[in-house]
Amino acid sequence: MAGAGGGGGDAGDSFYSDFMVLRPDKGGLYALFHLMWSCKVSENAAVDCPAGTEMADWRRRWAVLVSLVAQVLLLWAKKPMALVGRATEYWMNLVNENGGGVLVLVLRALQGKLKFPDRASPNFRSCLGLLDMRVELDKEIKQGDSNYHAALSIMAAKLAYENELVIRNVVEKHWQMKLLSCYNCWNDFQEDYTTQAFLVADKQAPDASLAVVAFSGTRPFDMEQWCTDVDFSWYEVPGVGKIHGGFMKALGLQRHGGWPRDVADPDPRKPFAYYAIRDALRRFLSENAGARFVVAGHSLGGALAVLFPAVLALHREDAVLARLRGVYTFGQPRVGDEAFGRFMDDACLGKPSRYFRFVYCNDIVPRVPYDDSALQFKHFGTCLYFNSLYTGQRDISDPYREESIQLGNRIVLARQAK
């Protein structure tokens with residue numbers, strides 16, 4: 001097995017039986033050209049896999065090549081795109097603070113009445129938050145309604161893109177709920193804080209009945225998060241299946257220990273998402289008898305929302321999983337292969353289904369990584385598919401019954417009737 005810097009051997013070889021980890025830091029021209037003409041990928045510096053591994057199918061090598069090139073370019077653009085993102089975000093907040101239009105902004109500047117946004121203010125929103133300013137929960141959907149958890153989850157998944165001040169303001173002043181914690185978590189492979197999430201309860205302990213874990217999706221100008229999305233690395237876990245390596249790294253895969261049940265000598269300055277959120281959930285559930293929880297996320301956040309209960313099941317956290325009410329994802333990419341889907345159905349999300357995957361027809365994200373013979377990643381769970389008119393209909397690639405679409409239609413109809 002290959003060595004450091006995100007190699008498979010660094011992830012603790014006791015938890016997987018096979019692996020392929022891409023190394024964009026070693027993706028030089030020779031390594032990239034080598035992928036095109038040689039099937040001996042184990043000899044390629046940019047691909048970490050067991051010795052002697054060959055990849056005869058040129059389509060699989062092409063997928064690996066595209067992934068590597070994309071990661072190399074994204075990492076090269078990391079700093080300039082961060083600056084562009086910071087400037088864009090400030091400009092959008094400046095326009096919003098001054099009436100929401102450029103003409104009003106110019107007029108106020110001429111009058112000397114220009115308002116400047118404060119990054120430390122609970123009103124300073126992300127780019128995505130400014131594109132959709134809604135923060136109120138749908139008052140037509142009450143707790144106890146069949147679509148309440150889905151409606152709450154989609155708002156939580158949207159809010160997860162914001163900073164802690166915005167999240168606290170919305171949760172406590174608009175939703176009248178209790179923010180338990182916000183997380184900015186460490187990625188051991190990228191050696192940076194790449195994963196954000198928050199945990200909210202509907203009431204104070206000991207009267208809470210529901211908690212929501214919401215993972216942030218890919219921020220438009222965060223190139224490391226885009227690297228996670230396009231990283232086609234994978235680990236095959238015995239009895240579980242093949243899982244997307246980039247998502248596992250973002251959730252808290254240990255470079256030198258894989259997925260231990262508990263982290264030895266944890267660094268409080270570098271929390272790992274899975275462990276920090278799991279421990280907070282344990283405390284919440286112990287303090288609130290009978291309370292349940294849901295997990296939600298959009299895009300990359302949706303992948304982490306699915307993977308979170310998978311690791312709980314891997315660690316046999318049966319007491320926690322018994323109180324899982326559902327997983328709701330929106331525009332979520334594929335996380336693993338068909339074996340992984342079967343494991344999730346049997347271990348924690350199966351019959352009756354507790355996993356609802358919302359898909360919009362023109363969204364490319366749910367179609368990657370590809371499910372062809374090159375990668376073999378597969379979706380699973382209950383698919384709620386919406387066409388371009390936002391009407392729920394059955395996805396022909398979804399084997400599940402029509403009741404999943406009926407739930408989607410109820411949500412749309414409730415919003416239209418408002």
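**Entry 1. Helices H2 and H8**

I began with helix H2 (residues 58-76) and helix H8 (residues 223-230), which pack at an angle of about 175 degrees with their axes 9 Å apart. The model is predicted: local features need pLDDT of at least 70, side-chain atom pairs count only at pLDDT 80 or more, and totals for chains, interfaces and linings use all residues. Residues are numbered from 1 along each chain as its sequence is written, and side-chain values use heavy atoms, with hydrogens and water left out.

I took axes as lines fitted to C-alpha atoms, for helices over the stretch in contact, with angles running from 0 to 180 degrees between N-to-C directions. Helices (H or I, at least four residues) and strands (E, at least two) are DSSP runs, numbered from the N terminus. H2 and H8 are therefore roughly antiparallel to each other; the classes are roughly parallel under 35 degrees, roughly antiparallel over 145, roughly perpendicular from 65 to 115, and oblique for the rest.

I then listed the residues that meet: Ser-67, Ala-70, Gln-71, Leu-74 and Leu-75 in H2, against Met-223, Trp-226, Cys-227 and Val-230 in H8. By class, this contact of H2 with H8 has seven nonpolar, two polar and no charged residues. Contact means heavy atoms within 4.5 Å. Ala, Val, Leu, Ile, Met, Phe, Trp, Tyr, Cys and Pro count as nonpolar, Asp, Glu, Lys and Arg as charged, and the others, Gly among them, as polar.

**Entry 2. Helices H3 and H4**

I looked up helix H3 (residues 78-97) and helix H4 (residues 102-111), whose axes lie 8 Å apart at an angle of about 75 degrees. That makes H3 roughly perpendicular to H4. In H3, Trp-91, Leu-94, Val-95 and Glu-97 meet Val-102, Leu-105 and Arg-108 in H4. I noted five nonpolar, no polar and two charged residues in the contact of H3 with H4.

Met-92 is also found in helix H3. Its relative accessible area is 22%, so Met-92 is partly exposed (buried means under 20% relative accessible area, exposed over 50%, partly exposed in between, with a 1.4 Å probe and protein chains only). Leaving aside neighbours within four places in sequence, Met-92 is in contact with Cys-127, Leu-130 and Leu-131. The C-alpha atoms of Met-92 and Leu-131, 39 residues apart along the chain, are separated by 9.3 Å.

**Entry 3. Aromatic rings**

I found 13 aromatic pairs in the structure. Rings of Phe, Tyr and Trp (its six-membered ring) pair if their centres lie within 6.5 Å; planes under 30 degrees apart count as stacked, over 60 as edge-to-face and the rest as tilted.

Tyr-16 and Phe-19 form an edge-to-face pair, 5.0 Å centre to centre with 65 degrees between the planes. Tyr-16 is buried at a relative accessible area of 5%, and Phe-19 counts as buried at 2%.

The rings of Phe-215 and Phe-308 have centres 6.2 Å apart and planes at 55 degrees, so this pair is tilted. I noted that the pair links distant parts of the chain, with Phe-215 in strand S5 (residues 210-215) and Phe-308 in helix H11 (residues 300-314), 93 residues apart. Both Phe-215 and Phe-308 are buried. Phe-215, Trp-259, Tyr-274, Tyr-275 and Phe-308 form one aromatic cluster.

**Entry 4. Whole protein**

I recorded 14 helices and 14 strands in the protein. Buried residues make up 53% of its 418 residues.
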